[in-house]
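This briefing covers a sheet, the helices packed around it, and the pockets and cavities of one protein model. Please read it alongside the sequence and coordinates.

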Amino acid sequence: MPHPTSLPAWHALEAHAQAIGDDHMRDLFARDPDRFSRFSLRLGDLLVDYSKNRVIHQTMALLADLAREAGFDEGRRQMFEGRPINATEHRPVLHVALRNRSNRPILVDGRDVMPDVNAALARMRDFSERVRSGAWTGATGKAVTDVVNIGIGGSDLGPAMACDALAPYTRPDLRVHFVSNVDGSHLADTLAGCDPETTLFTVASKTFTTQETLANATSARRWLTGALGEAAVARHFVAISTNAEKVAAFGIDPAHMFVFWDWVGGRYSLWSSIGLPIALAVGFERFEEMLDGAHAMDEHFRTAPPESNLPAILGLLGIWYNNFLGADAVAVLPYDQHLRRLPAYLQQLDMESNGKGTARDGQPVAWRTGPVLFGEPGTNGQHAFYQLIHQGTRLIPCDFLVAAECHHGLAEHHPLLLANALAQPEALMRGRTMDEVHADMIKAGMGADEAAALAPHRTFPGNRPSTTLLYRRLDPHTLGMIIALYEHKVFVQGLVWDVNSFDQWGVELGKKLAQAILPELSADHPAADHDCSTKGLIDAIRAMRGDD
């Protein structure tokens, strides 16, 4: 694919950014009373309002041109057809096959993968129903009350986020926990509230060699067998993996191994057997509803042109700010407590996918790629970092997510939440001028001199962009749509930036060095040839522990 900076649309956008650089969104709204209808789209119960962005019709047309020139149509076709678009690992990228509810054939090396996908889903259904009904029992005949998922990265963030998001659909007598950190506090604190007789562990690791996951699984196994004996492992551990040999060596019956495939990237895998904890938490029917929602977004993404394609629009807006208006971060702000883990999930999805400095042809990129992504649920974030977004020197586009209806019975709370969720984007867009601030202070009885001195501190420049995702209620179908929306947004941006969004070689060196340092932390293993800082820290750790 061509480098993006060589494309005609890229140069047109550079000129366009200069031409409209001084336009304020206040004026855009004043000139166009239909701006909301012109710059918003619906898909099912999901409404995406992008009217509070620093764009006009010409901007969006040029961005759509950029997508086409970067190979949008061909790129998405190749993904849905199972072509090996993950070129550095020679793999297809087929998370869309995992929720292909139409069961349309999708071929990998000439073979339709859908029978395997359907068989894996059937096994998930059978097992989750047995656990939830009490038919699956532990070694002492008691039903499962606690499920502890042990994984890290994509084997943790997606399922943990989804279980939080769908908490209203869970049962109080079946709790699902997630342990990812190799810090023993995470496992110890989780197991402190569990009973070995009624705890089921799901160990999620594609290769079953992930250091942190195996360390936690081994300690969990020791906790279980210390109470119930070795024979209990078969009834209290299942594996989600592709490595039957390693699973069996750990002591898990391969018959209790749930498979997925190397064409499923970890951060895209919650739709696969990695999603087993979700099915256990909310029931397989709800899990299928989530698949249905994702498939609806897939079909929209697969067929709609860039101008009316929700993931493409979000992705192209991000490129507009990142590459043409100088933004280097984006905030995801869910005004929905059940989505409190969404920013953490999206951090991996976005920054592990497009945090790349090498183009697909192996050359260093000469353009900005993935931004820093952060976020926190509203209204907590308002009392933390919104100050910087409103009045700071950095341009930070924001995504607001909010449900029109709530699940809980505290009816008086939700209007207050909604009011804040609508007020913040408006404030970011409008700002407050010096004259407005000064007039308000004089009206409140402040003296002219004090008002003049304080006015600069109370002004807001406005013209800060945001997109609002509004949905009726956070149910499994809507959650599936939202996750797929962001997945495809990342794909579009990687396509335009000409990077491989589906590998993550940048995390490998740290893993390799950790393996070298681990034995050197013991007193009988002197530090090897590290830099003086790393060696000094190893020595300091030994001294603090009292090692000789």
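The points below go from the sheet to helix packing, then to pockets and cavities.

This is a predicted model, in which local features need pLDDT of at least 70, side-chain atom pairs count only at pLDDT 80 or more, and totals for chains, interfaces and linings use all residues. Residues are numbered from 1 along each chain as its sequence is written, and side-chain values use heavy atoms, with hydrogens and water left out.

**Sheet**

- Six strands form an open sheet in the order β1-β2-β13-β12-β10-β11, with mixed pairing; two strands pair if DSSP finds at least two bridges between them.
- Helices (H or I, at least four residues) and strands (E, at least two) are DSSP runs, numbered from the N terminus.
- β1 (40–43) and β11 (372–374) are the edge strands, each pairing on one side only.
- From one strand to the next, the twist averages 15°.
- β2 (residues 46–49) and β13 (residues 466–471) run antiparallel and are joined by four bridges, with V48 opposite L469 in β13.

**Helix packing**

- Helix α18 (residues 413–430) lies across β10 (329–335), β12 (398–403) and β13, and runs at about 160° to β12.
- Axes are lines fitted to C-alpha atoms, for helices over the stretch in contact, and angles run from 0 to 180 degrees between N-to-C directions.
- The axes of α4 (residues 57–69) and α15 (residues 310–324) come within 10 Å and cross at roughly 100°.
- α4 and α15 are therefore roughly perpendicular to each other, where angles under 35 degrees count as roughly parallel, over 145 as roughly antiparallel, 65 to 115 as roughly perpendicular and the rest as oblique.
- In α4, T59, M60, L63, A64, L66 and A67 meet I313, L316, L317, I319 and W320 in α15; contact means heavy atoms within 4.5 Å.
- The residues of this contact divide into 10 nonpolar, one polar and no charged, with Ala, Val, Leu, Ile, Met, Phe, Trp, Tyr, Cys and Pro counted as nonpolar, Asp, Glu, Lys and Arg as charged, and the others, Gly among them, as polar.

**Pockets**

- On a 1 Å grid over the protein atoms alone, a cavity is a set of points where a 1.4 Å probe fits but cannot get out, a pocket is an open set with protein on both sides within 12 Å along at least five of seven lines, and lining residues have an atom within 4 Å of a point.
- The largest pocket has a volume of about 1300 Å³, a volume being the space filled by probe spheres set on the points, with grid points joined across faces, edges and corners.
- Its lining has 46 residues, and E352, Q504, V507, E508 and K511 lie nearest the centre.
- α22 gives the most to this lining, with six residues.
- The second largest pocket holds about 410 Å³ of space; of its 19 lining residues, D336, Q337, H408, H414 and L417 are the closest to its centre.
- α18 provides the largest share of the lining of the second largest pocket, five residues.

**Cavities**

- Three cavities of 30 Å³ or more are counted.
- The largest cavity has a volume of about 200 Å³ and is lined by 21 residues, with L317, G318, V330, P397 and K489 nearest its centre.
- α15 supplies the largest share of the lining of the largest cavity, six residues.
- The second largest cavity, of about 70 Å³, is lined by I20, G21, D23, M25, L28, R54, W320, L325 and N463.
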